[in-house]
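Visitor: Hi! Could you walk me through this one?
Guide: Happy to; let's bring it up.

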Amino acid sequence: MRNKLIEFKNVSFRYGEEQSWVLKNCSFEIYENESMAIIGHNGSGKSTIAKLMNGLLFPQEGEIFIGNQKLTEETIWEIRKDVGMVFQNPDNQFVGTTVQDDVAFGMENRGIPRKEMMKRIDETLDAVGMLDYRMTEPHKLSGGQKQRVAIAGVLAIFPKVLILDEATAMLDPKGRTEIMDTISSVQNERELSLITITHDLEEVIQAERVIVMNEGEIWGEAVPRDIFAKKDELREIGLDVPFIAYLSDELQKAGIAVTNEPLNHDELLEDLWISYSKK
């Protein structure tokens, strides 16, 4: 039984008193070592949720708990030790003149001893495949390399939860796959909770649970297979579904039985093989 790590209780938020509510009465829970994806159309409130988790914003209504602490102006600095966040554009997170300096920045702010700091720099850069670039200037790196360094800088503070806010949006498909494979590996080693805010359907499929946002409200919350089974409803709120879901629909229209709502090619092939074997 996993312990509760993050809890939103009836949280509402808007960016000004004259503005409409961006979030409306949202309640959900995230557990230790869990992988959660949050999806929704632009303006649905998903990035606002990420900023609320990290204390960049505070709710106007409702309560947020990180671990056993309620998020307040008094607890924010303690809570941020447990919550790491990687943004869409890694350039916005660089502050050091070298890769090593950048990874060290968050640890310096926390007063971590130099010996421990150097150990963590080595470990985190090695984990994201960037150890050979430790003395490189960040502006000389590719987009994927920059994002790896940004992730290393967050991992070095040993957070309990890692939030990726569209962190792979600026990468090509190969770069996205490499980053998510790296994150998955580190998550398993560190037993992190991972929250992915994304438009990438492959990232959504890999999550244990999915929250779907629509117009500031939680439209649905379930495992990926159950979410993508609602193909028509998702399209109605402006969201896409995996290509395999489209393909399985067309196969069924052609009279070919597909029964298990496959999420990838391997599952579809297995489903088709089972159906064929029964004949």
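Visitor: Where is Asn54 found?
Guide: Asn54 lies in the loop between helix H1 (46–53) and strand S4 (61–66); helices (H or I, at least four residues) and strands (E, at least two) are DSSP runs, numbered from the N terminus. This is a predicted model, where local features need pLDDT of at least 70, side-chain atom pairs count only at pLDDT 80 or more, and totals for chains, interfaces and linings use all residues. Residues are numbered from 1 along each chain as its sequence is written, and side-chain values use heavy atoms, leaving out hydrogens and water.

Visitor: Is Asn54 buried or exposed?
Guide: Asn54 counts as buried because its relative accessibility is 10%; buried means under 20% relative accessible area, exposed over 50%, partly exposed in between (1.4 Å probe, protein chains only).

Visitor: And what is Asn54 in contact with?
Guide: Leaving aside neighbours within four places in sequence, Asn54 is in contact with Ile76, Arg80, Val83 and Met85, contact being heavy atoms within 4.5 Å.

Visitor: Switching topic, how many residues of H5 are buried?
Guide: 11 of its 13 are, so H5 is largely enclosed by the rest of the structure. Among them are Gln145, Lys146 and Leu155.

Visitor: What do the buried residues of H5 pack against?
Guide: They pack against strand S6 (83–86), helix H3 (99–109), helix H4 (114–127), strand S7 (161–165) and helix H6 (173–190).
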